[in-house]
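Subject: Structure handover and findings

Hello,

Here is the structure you asked for. Please open it alongside this email; my notes follow below.

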Amino acid sequence: YLKEALPHDPRRQPRATFQRHHLPGDICHTIKKSPRAKGAGANGDTLDVFRDLVSLNIAEVNEDIRQLCDIVFNAVVPTEVEQYFTDTYLFCLYKDPEDLSKLRPLGIPLALRRLVATHVAAFYRQRFAQKLLPINYAIGIDGGMDFVIKTMQLSIEKYIQEPQEDEANPKLPTRAAVFVDLTNMFNNISRKELLDIVQECFPELVPMARLLYGSPGSVRFRWNDGSWKSINMLEGVNQGCPLSAIFAALVLDRVLRPLDTMLRQRAADRLASGDSGDDGFGSISHLFGYVDDNSSCVPLVDLAFFFAKLVELGVPLGCLLNKFKTRILTSCNGESILPELRRINPTLAAEVEATLREYSVEKNTADPEGPPSMVELTSGFRLLGTPVGSPEFAEEFFEEQLKEVRRNIASLHAGVPDLQTRLRMFTQCIIQKLPHLLGADIMHRLPMDFQAEGWQQWNGPLTSEIDKLVRQFLATIAGRETIPEYAALIAQLSVAH
């Protein structure tokens with residue numbers, strides 16, 4: 001994609017005085033912290049140019065950069081260059097080597113846009129968090145992902161697993177764990193709704209938001225024959241923009257917040273009628289969002305209502321439910337609750353089954369022309385990359401991840417002769433599939449009677465297996481059967497200092 005550049009005027013232009021909102025904070029500080037060697041946009045622009053300029057520590061240069069970013073923040077850029085701020089260079093990576101139709105899109109907007117957006121996202125972090133809490137924990141919340149995972153696990157244990165494990169009086173679960181997937185939400189959300197939210201809650205960001213999303217943009221990509229093509233983007237937010245996740249979450253908030261209010265009202269109505277529910281408060285649902293990943297433990301009596309209202313509220317705003325990826329966990333013992341529920345409450349059983357058939361399905365492999373097959377989870381689910389549900393499900397999940405890493409290590413040894421490259425790929429790519437699961441190892445396996453003050457000394461099965469993998473890899477690299485303890489410790493010391 002090549003576009004004729006605007007004529008260059010070598011004369012120094014007088015700095016403009018802005019009467020509207022100034023870009024808060026010091027953008028030069030943000031630029032200094034920006035990573036090097038990031039991908040160039042469609043126009044060959046990179047973050048490195050700005051980083052190198054700021055690194056010169058020339059006051060006049062830094063002030064010019066602040067003024068330039070102020071122009072973008074206030075959207076007073078010349079009309080001729082507005083398109084550069086709306087367009088995106090797109091390329092894709094394969095997600096599944098067995099299915100090349102599954103692609104992971106990566107977008108690269110203008111470098112100047114990325115810098116200003118990164119600065120705004122960081123500076124307004126707490127204000128975005130205040131707007132999205134207590135439903136979405138992705139923005140401005142340290143440990144937000146961990147909070148969502150742990151809370152959902154505790155909810156599953158309380159409302160699904162523990163009733164089934166009561167040996168004296170086993171019961172049916174009172175709730176189902178819901179894991180909602182939305183179809184390409186970033187590309188579909190309503191820009192009109194987004195601009196309305198920004199106008200209402202963050203008025204100083206209106207000029208910049210209108211610059212980025214007030215008119216259709218172009219997504220430009222290179223075809224396999226070397227030619228360049230483009231498609232118009234009428235709705236949604238751009239991939240690769242640091243503000244995209246925040247803007248998408250703000251729009252989704254206008255779906256989840258009224259849904260949360262309605263679910264709480266249903267719980268209040270039950271409580272008022274004398275039904276205290278499974279929590280003493282009429283069975284209140286708590287929604288947990290992480291950008292576009294949403295989960296909750298919903299009372300079975302609210303399950304159909306939850307999905308009907310989610311669709312009703314979401315469709316007009318571009319938040320479209322993906323029934324082929326949305327999943328509903330009803331049990332943790334490996335068996336469906338439907339047979340027993342039909343015996344106890346046939347009406348509720350029919351409602352739950354209809355909800356499963358409508359909103360949690362997969363392609364019908366037996367009859368490709370027939371209706372999709374219902375999916376009822378009965379052991380666990382992978383939430384934000386971490387297993388939640390029964391301990392048995394977690395065990396199977398951990399073992400699958402270990403097997404995948406072992407296969408990758410074997411391929412690495414067989415296909416990469418250079419030891420330095422092999423070591424780099426192992427440390428930066430392959431082994432990184434496991435450390436994020438260590439918290440889940442503790443969550444599912446730490447004995448309840450373990451002394452809390454010595455928890456860091458507990459060595460779980462996953463921890464031991466990771467240690468074995470590292471030692472075996474280092475031994476193979478060194479051409480030895482094993483390596484001594486001190487060598488393993490030295491190899492894992494940081495050399496940053």
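Is Cys-241 buried or exposed? Cys-241 is buried, because its relative accessible area is 6%, and the cut-off for buried is under 20%. Keep in mind that this is a predicted model.

**Cysteines**

A disulfide is a covalent bond between the sulfur atoms of two cysteines. The structure holds 0 of them. Cys-28 is in no disulfide. Its nearest cysteine sulfur belongs to Cys-69, 7.3 Å away. Cys-241 is in no disulfide either. For Cys-241 the nearest cysteine sulfur is again that of Cys-69, at 14 Å. Cys-28 is buried, with a relative accessible area of 3%.

**The whole protein**

The protein has 497 residues, and 45% of them count as buried. There are 19 helices and 12 strands. Along the principal axes, the C-alpha atoms fill a box of roughly 85 × 65 × 55 Å. The accessible surface comes to about 26700 Å². Carbon and sulfur atoms account for 54% of that surface.

On charge, I count 53 positive and 63 negative side chains. The centres of the two sets lie 6 Å apart. On contacts, take those between residues at least 6 apart in sequence. Of these, 69% join residues at least 24 apart.

Helix H10 covers residues 206-213 and is mostly covered itself. Of its 8 residues, 7 are buried. They are Val-206, Pro-207, Met-208, Ala-209, Leu-211, Leu-212 and Tyr-213. What do these residues pack against? Their partners are helix H3 (59-73), helix H4 (82-86), helix H5 (111-123), H9 and H11.

Ser-244 sits in H11, which spans residues 244-272. Ser-244 is buried, with a relative accessible area of 2%. Leaving out residues up to four places away in sequence, Ser-244 touches Phe-186, Tyr-213, Val-237 and Asn-238. One of these, Tyr-213, is among the buried residues of H10.

**Ser-190**

Where is Ser-190? It lies in the loop between helix H8 (185-188) and helix H9 (191-201). Ser-190 is buried, because its relative accessible area is 11% and buried means under 20%. A polar atom of its side chain lies 3.4 Å from the backbone nitrogen of Lys-192. Ser-190 also touches Glu-235, Val-251, Pro-316 and Leu-317, again not counting residues up to four places away in sequence. Val-81 is 109 residues from Ser-190 along the chain. The C-alpha atoms of that pair are separated by 24 Å.

**Backbone points to check**

Two asparagines have a positive phi. Asn-57 has a phi of about 60° although it is not a glycine. Asn-57 lies in the loop between helix H2 (47-55) and H3. Asn-57 is exposed, with a relative accessible area of 53%.

Asn-184 is the other case, with a positive phi of about 40°. Its place is in the loop between strand E3 (175-180) and H8. Is Asn-184 buried or exposed? Asn-184 counts as exposed, because its relative accessibility is 52% and the cut-off is over 50%.

There is also a cis peptide bond. It joins Leu-133 and Pro-134, with omega at about 0°. Pro-134 is in the loop between helix H6 (125-132) and helix H7 (144-165).

**Phe-397**

Phe-397 is found in helix H15, residues 391-415. At 10% relative accessibility, Phe-397 counts as buried. Which residues does Phe-397 touch, not counting residues up to four places away in sequence? The contacts are Arg-382, Gly-385, Pro-387 and Leu-437. Pro-387 is 10 residues from Phe-397 along the chain. Their C-alpha atoms are separated by 6.8 Å.

Best wishes

Note on methods. Residues are numbered from 1 along each chain as its sequence is written. This is a predicted model: local features need pLDDT of at least 70, side-chain atom pairs count only at pLDDT 80 or more; totals for chains, interfaces and linings use all residues. Side-chain values use heavy atoms; hydrogens and water are left out. Helices (H or I, at least four residues) and strands (E, at least two) are DSSP runs, numbered from the N terminus. Buried means under 20% relative accessible area, exposed over 50%, partly exposed in between (1.4 Å probe, protein chains only). Contact means heavy atoms within 4.5 Å. A polar contact is a pair of N or O atoms within 3.5 Å; within protein, one must be able to donate a hydrogen and the other to accept it, and residues adjacent in sequence count only if both atoms are side-chain atoms. Accessible areas come from the Shrake-Rupley method with a 1.4 Å probe; for residues, only the protein chains shown count as cover. Lys and Arg count as positive and Asp and Glu as negative; His and the chain ends are not counted. The place of a charge is taken as NZ of Lys, CZ of Arg, CG of Asp or CD of Glu. A disulfide is a pair of cysteine sulfur atoms within 2.5 Å.
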